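This report describes a protein structure for a reader who is new to the subject. Please look at the sequence and the structure shown here before reading on.

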Amino acid sequence: MVVQSLLPPINIPETGILQFLFQNTHKTPEDRKLFIDAFTGESLTYGQLKDNILRFAATLQDKFNFQKGDVVAIYSPNQMDYSIPLLGTVAAGGAVSPANPAYTPTELAYQLEMTNAKILIAHETNVEMAVKAADMVGLSRSRVFVFGKNQALGMPPWSHVFMGERRATLISLTKEEANETIAYLCFSSGTTGKSKGVMTTHANITANVLQFEGFEGASINGDKDRMLGVLPFFHIYGLSLLMHVAIYLGTPVYVMSKFDLGKFCETVQKEKITFSALVPPIVLLLSKDQMVDNYDLSSLKLVICGAAPLSAELSQQTRKRLPATIVKQAYGLTETSPFASIERTDDVVDGSIGFLLSGMSIKIVDDDGVELPIGQRGELWLKGPNIMKGYINNPEATAECIDKEGFFHSGDIAIQDQNGRLYIVDRKKELIKYKGFQVPPAELEGILFTSPMVADCAVIGVYDASQATEIPRGYVTLAANVPATEETAEIIKKFVADKVVYYKQLRSIVFINEIPKSPSGKILRRVLRDAAAEEQAL
Ligand code: ATP
Ligand code: MG
């Protein structure tokens with residue numbers, strides 16, 4: 001059964017991202033500080049932002065013969081002025097491919113090659129790696145620049161190169177162009193394999209900003225609210241919310257170049273932050289770390305958590321710790337630009353990813369692609385104006401996941417209830433099969449997190465030849481002062497066993513110093529699976 005969003009449809013404006021953001025109806029004052037560095041206090045006003053974007057775009061055209069469709073790669077940690085090269089490139093008719101600043105030269109070279117980037121803007125802290133990557137793909141060193149205030153490797157800081165006198169004129173896009181023109185080439189998180197370059201169009205972004213506003217516009221307001229920006233800008237979640245939504249609504253963003261719990265709490269307290277979008281590992285810290293008690297976080301009225309499952313148990317623990325804060329989930333993918341569903345602020349059901357955004361429809365299907373009735377779990381397929389154009393240079397992968405009717409096959413297992421509320425069970429590929437029964441690792445992780453002995457955890461399936469089945473195994477980082485003994489492992493196993501049906505019980509526990517995670521906040525179970533497979537091969 002195809003289920004439509006319960007919300008009224010939205011009109012997607014027939015313009016590009018820049019017109020949409022800067023000709024908005026919210027009327028942000030020119031002198032409002034929109035991006036503020038949480039560490040140094042330096043800031044960029046709305047007026048400065050607009051002006052600098054047009055200067056950046058003009059330089060691309062005048063100095064670098066930049067053409068429509070050309071790609072600029074940005075390889076930098078979050079910075080207060082990240083929006084300038086980002087939107088400056090889009091203003092010049094180009095596309096931006098933002099890269100993880102921790103990538104090795106080989107990983108960066110892959111992204112440069114896939115996207116055919118013409119210009120690379122690195123940061124003073126990783127410019128050496130950038131140059132190595134540029135050499136690997138034959139990108140001239142004269143096309144590599146340093147983002148930051150200082151010169152590095154003998155190169156001047158980017159502002160000396162890109163902040164010329166001329167301002168570009170904004171080009172208007174027709175509806176067709178907005179649907180065809182690629183603005184971003186973000187890479188998916190690489191949780192299930194090699195990350196894929198996602199082609200996100202102007203129309204995808206404007207649609208998703210409006211879909212988000214349609215849902216959350218009443219709770220986030222440019223005049224009253226302040227966001228804390230800890231999500232990485234290179235990932236679509238941060239890129240969309242902290243850049244596009246924030247500029248559109250005129251909401252100031254306190255930008256953190258790297259996550260630090262103390263600085264996070266200090267900034268919330270000092271700047272009276274009202275809203276932050278987070279990922280489960282940060283929510284976990286907020287619910288468990290003693291440091292949180294030293295701060296007054298009561299201004300924080302709303303936290304949206306996305307990118308990976310947030311269990312009902314962890315939500316409850318967090319609420320006890322932060323009684324003034326509503327913590328709720330959003331769900332999406334790089335391929336859905338990114339928001340697909342959000343939970344309601346006035347009626348939060350823990351563990352749910354909420355309701356489908358306006359203009360979207362879904363199907364929940366079985367392994368053969370047959371639609372299931374409401375209430376049954378199956379793979380979630382999504383359709384709407386925010387579905388990507390496809391994967392760059394990979395028409396086969398695009399054809400595999402977007403069907404003829406335009407439904408995108410998410411690979412996530414979901415359930416929808418009678419009221420339209422959605423729940424993610426886990427990823428299809430990560431379900432453990434124990435003697436024919438399906439065990440969702442995310443559910444077991446949710447329970448493990450609530451044990452006082454557990455600081456962090458992950459669950460995978462490992463093959464046990466003696467029983468000829470996969471068995472659920474928990475990887476646990478122990479809380480301070482808990483001994484890594486057989487007895488501890490037994491207590492933890494029992495803690496889980498008391499709460500689940502017999503086939504979901506953890507059959508083995510391994511203590512580990514740190515759970516591997518992506519910078520976008522996902523547990524990298526594949527890293528644990530590879531390590532387990534290697535052990536078994538020995
Ligand atoms: P790759 O596609 O490269 O393997 P990825 O799917 O992790 O990596 P992203 O596009 O960053 O890359 O993440 C999308 C995925 O994140 C979704 O398919 C889903 O599994 C997960 N996800 C996002 N939000 C939630 C949520 N609220 N609850 C559960 N899972 C979520
Ligand atoms: Mg994915």
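The model is predicted. The protein averages a pLDDT of 95, and 100% of the residues score at least 70. For the model, the ipTM is 0.99 and the pTM is 0.95.

**Overall form**

The secondary structure of the protein consists of 16 helices and 26 strands. Along the principal axes, the C-alpha atoms fill a box of roughly 70 × 50 × 50 Å. A compact globule of 538 residues would have a radius of gyration near 24 Å, and the protein agrees with this because its value is 23 Å.

The following table collects some values for the protein.

| Property | Value |
|---|---|
| Accessible surface | about 21,800 Å² |
| Share of that surface belonging to carbon and sulfur atoms | 51% |
| Distance between the mean positions of the 52 positive and 60 negative charges | 2 Å |

**Interior and contacts**

Of the 538 residues, 59% count as buried, that is, they have under 20% relative accessible area. Among contacts between residues at least 6 apart in sequence, 70% join residues at least 24 apart.

**Helix α14**

Where does a helix stand when eight of its nine residues are buried? Helix α14, which spans residues 441-449, is in this position, so it is largely enclosed by the rest of the structure. The buried residues in α14 are P441, A442, L444, E445, G446, I447, L448 and F449. In general, an α-helix has 3.6 residues a turn, so residues three or four places apart point the same way.

Methods
Residues numbered from 1 in each chain as written. Chains lettered and ligands numbered in written order. Predicted model: local features only at pLDDT ≥ 70, side-chain atom pairs only at ≥ 80, totals over all residues. Heavy atoms only, no water. Helix = DSSP H or I, 4+ residues; strand = E, 2+ residues; numbered from the N terminus. Rg over C-alpha atoms; globule rule 2.2 N^0.38 Å. Buried < 20%, exposed > 50% of the residue type's maximum accessible area, 1.4 Å probe, protein only. Contact = heavy atoms within 4.5 Å. Areas by Shrake-Rupley, 256 points an atom, 1.4 Å probe, with all protein chains shown as cover. Lys, Arg positive; Asp, Glu negative; His and termini not counted. Charge placed at Lys NZ, Arg CZ, Asp CG, Glu CD. pLDDT = per-residue confidence, 0-100.
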